[in-house]
Amino acid sequence: MSRESARLFALLLPAGVFFLAFFLLPLARLFAIGGSGKEGFAAYAAIVSDANYFSSLMSTLALAAMTTITTLVISGISGVFLQRHKFPGNALLVSMLTFPLAFPGVVIGFMVIMLSGRQGLIGDIAMYLTGEKIVFAYSMAGLFMGYVYFSVPRTILTIMAAAEKLDPRIEEAARSLGASTWRVVFDVILPGLKPAFIAAGAICFATAMGAFGTAFTLATRINVLPMVIYTEFTLQANMAMAAALSFVLGAVTWLVLAIARTAAGSTVAAAG
Amino acid sequence: MMTDPVQPLAIALSRCGKTFADGTRALEPLDLEIKAGETVVFLGPSGCGKTTTLRIIAGLEDPDAGGRVLFDGVDVTAQPIEQRNVGMVFQSYALFPNMTVAENIGYGLRVRRAKKPAIAARVDEMLGMMRIEPLADRRIDQLSGGQRQRVALARALAVRPRALLLDEPLTALDAKLRDALRLEIDELLRRLGITAIYVTHDQAEAMALGDRIAVMDHGKMAQIGPPREIYRRPATRFVADFIGTMNRISGVARGGVFVTDAGAVPWLEAPPGTTEALFRPEDVTVVDEGQAHLKGSVVAAFFLGDRTRLFVKVDANKPLVVETDARRDYAHGETVGLRIDPRGLMAL
Amino acid sequence: MKKRAVLFWAQLGFTLMVCAFLIVPVVLSMLAGVTVNYQNGLESGLTLRWIGEVWAGYRQTIFLSIGISLVCLAVTLVLGVPAAYVLAKRQNAMTRAIEELLVMPVAVPGLATALALIVTYGGAGGFRTSWTFILVGHVLFTLPFMVRSVLAVLSAIDLKTLEESASSLGAGFGQRFFQIVLPNCRGGILAGSLMVVTLSMGEFNMTWLLHTPLTKTLPVGLADAYASLRLEIGSAYTLVFFVMIVPLLLAMQAMSRPRKSKTAKADIGEE
């Protein structure tokens, strides 16, 4: 038995050492540096005490919440629909919806530009229809669109997997008891999908909190926390503040995921 | 078809107990000797310690300090399973999904670094013995449950193990297949003359296969002996109830007769002070009230085809179970007479 | 019945719109990458000129990204598969905590991880300026995916009994690991590998801070191009990226399909 334990320990050791040296230790150092600026560890309170940082935090949270809700609604409707109705072309639609699964943030930013940038499709259509060009890629709205674009593919997959596991007999039982379509949706389907919604929603939220590539591609002027951190780090060279802010951002994001994982009861599929 | 016979192994357990890390006592310290070539069946409900005992013999669990496992008198307690050379058959079969049937059967020889032709020859022999030659190149997920079980047996036997350990090998199969395979396993064990330990919760399997049956209960061995002895002379209440159906009736033994509220039964050898008589359904016949030892009323009657099973209430205890081949219906509440064969009476 | 039909078409229409939202920009950007002048539309003609320019200016980033993603895969295999095996074998509070820890680099924003690495190892000159610095970040970020993927497969099979039966046949630890454990989690390893390579190729959040002018990866180059060059070149570059990553994505999609039918078949076999 103890020989077995030693063996397992040895197998876990390489990953453990790597993780310790390149993640835990650096995070600890980051935490220390965050408190090494002229304000000391009060820097950690700056995120709520400093009006600018606080407004960034609030807009980041709002953006993340909006992204999460929108993504869940879209994926809930389309995911359940595609799982329930098998028609010719269904598989193609699923492939198309999950195709952008691993696009990095920068590329997604570019997709937003293609749609709503200065030479974007939406602008052209609006020009044609109303004679006025609509350009919103380089703003909070563009970022929101990018995050939804990013989150829909993976969320749809989670919802579809969960919808597949729903026992159709429960629905039939509800119908046999006289429930209408809407009642079935609200009393049976949505509660059944709740764990999947929590799990997928948490990942949407975490991504929208911490993602950087999309915002970077669209504009450095969007007032979200990752951009603020980046600005502190590069333009202001304020390492301590950047460290403190990113540590707080990391802690908040990790906490959201951890809470969701407990709430969902099952393992939340990790995703970037 | 079988080549050189396997030298059967004698197994002994000395003070083998097992306490798990969480403090649960799975097995009280146990002494047991299994003769070479013998088939011993561990029988009991789930959680009784039978599988733990098997796993200690296999080397998959270590006994608590002080316990020893002896193979032919040699202490093997410290040896891991891979050095004990025992064949093992698991309830879930545990066939390797990444290998074909033939590769599964040859695996034990492969890890012993046997030559390819030798492995092929033994695999063929085993496929023939289990009559599964056409399956040789199948993948595991293409097999039925019964086929999987045959492959699992072939795989365990291919390495010429010193003993064969079977952990509920038939439990996952349906009833008909179970009967057929039970017969095959019985025939196989007799033919090979191998020492076998068989774990089951099914008493019919235990009766059919065991030279001796060890009945386990709550981590203790309640009784060990040949099937007939276990059935006819159960050592404890638990054994009496677990094996077959047992009727019990309260009364007093007095002058060669056992007197109850429902009548008297002649019982010359009744141990003094007996207050409860036990007997099996097959030792009771339904007779006219005039010839009856006991009288009672029918509370339920199940027609089984070749016979009828009656539940007869004679006193405040559980109704007696009685079987009759009379070609008639029995009505609820009908009074029947029962006659008991004195040779079938037991006391505990 | 009629109400149901309306509902069906409404949902289908909605789903098609979502599809368009996801796919139209991809098609647009692919077209833009081979159009002479995107502003004037396709009438301006098709050209490979932009792709040629990307190749001339940015091919180093392509090679570096491929190289890093392959080394990253090797490292995650060596670190991740044994770790997953241990986590599958021992399921207790400790291993759950380890699992939770291992997933942290995915939950914590890449920006924070990158800053942490810079403040800790930024002074180590040779390391900071080499591509291995980026590699470390990529391994941190992708390792959880490898571990999760392998762990999922290992938890689905009866690993304990399979290993027990192998050892009852005389197999020692090494034989069990290489002949039983690894072959039986091949699917998980393959799925994890595809994920790791895909994510490493596309990683930007950390890489942007970890890179140096001499260690630009493909996404870093993309960001550069988007910021400073004309739309056609950005599109052509994106097209190159798609060509590299789409086969990986399609392979991943294909992998997640047949597994279902295989289990279904096994279920029938059990009857």
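## A helix pair in chain C

In this predicted model, helices α7(C) and α8(C) come out as roughly antiparallel to each other, because angles over 145 degrees count that way and theirs is about 150 degrees. The α7(C) helix covers residues 159-168 and α8(C) covers residues 173-184, and where they pack, their axes are 10 Å apart. As for handedness, α7(C) goes past α8(C) in a right-handed crossing.

Who makes the contact? On the α7(C) side you'll find C:L162, C:E163, C:A166 and C:S167. Facing them from α8(C) are C:R176, C:I180 and C:N184.

## A strand with two partners in chain B

Over in chain B, have a look at strand β17(B), residues 294-303. It pairs with β18(B), residues 308-313, in the antiparallel sense, and six bridges hold that pairing. Strand β17(B) also runs antiparallel to β20(B), residues 335-340, and here the count is four bridges.

Which residues does B:S297 bridge to? In β18(B) the partner is B:K313, while in β20(B) it's B:T335.

## The turn between β17(B) and β18(B)

These two strands make a hairpin, with four residues between them. One to check in the turn is B:G305, which has a positive phi of about 105 degrees.

Methods. Residues are numbered from 1 along each chain as its sequence is written. Chains are lettered from A and ligands numbered from 1 in the order in which they are written. This is a predicted model: local features need pLDDT of at least 70, side-chain atom pairs count only at pLDDT 80 or more; totals for chains, interfaces and linings use all residues. Two strands pair if DSSP finds at least two bridges between them. Axes are lines fitted to C-alpha atoms, for helices over the stretch in contact, and angles run from 0 to 180 degrees between N-to-C directions. Angles under 35 degrees count as roughly parallel, over 145 as roughly antiparallel, 65 to 115 as roughly perpendicular and the rest as oblique. A crossing is left-handed if the near helix is turned anticlockwise from the far one by less than a right angle, and right-handed if clockwise. Two residues are in contact if their C-beta atoms, placed from the backbone, lie within 7 Å.
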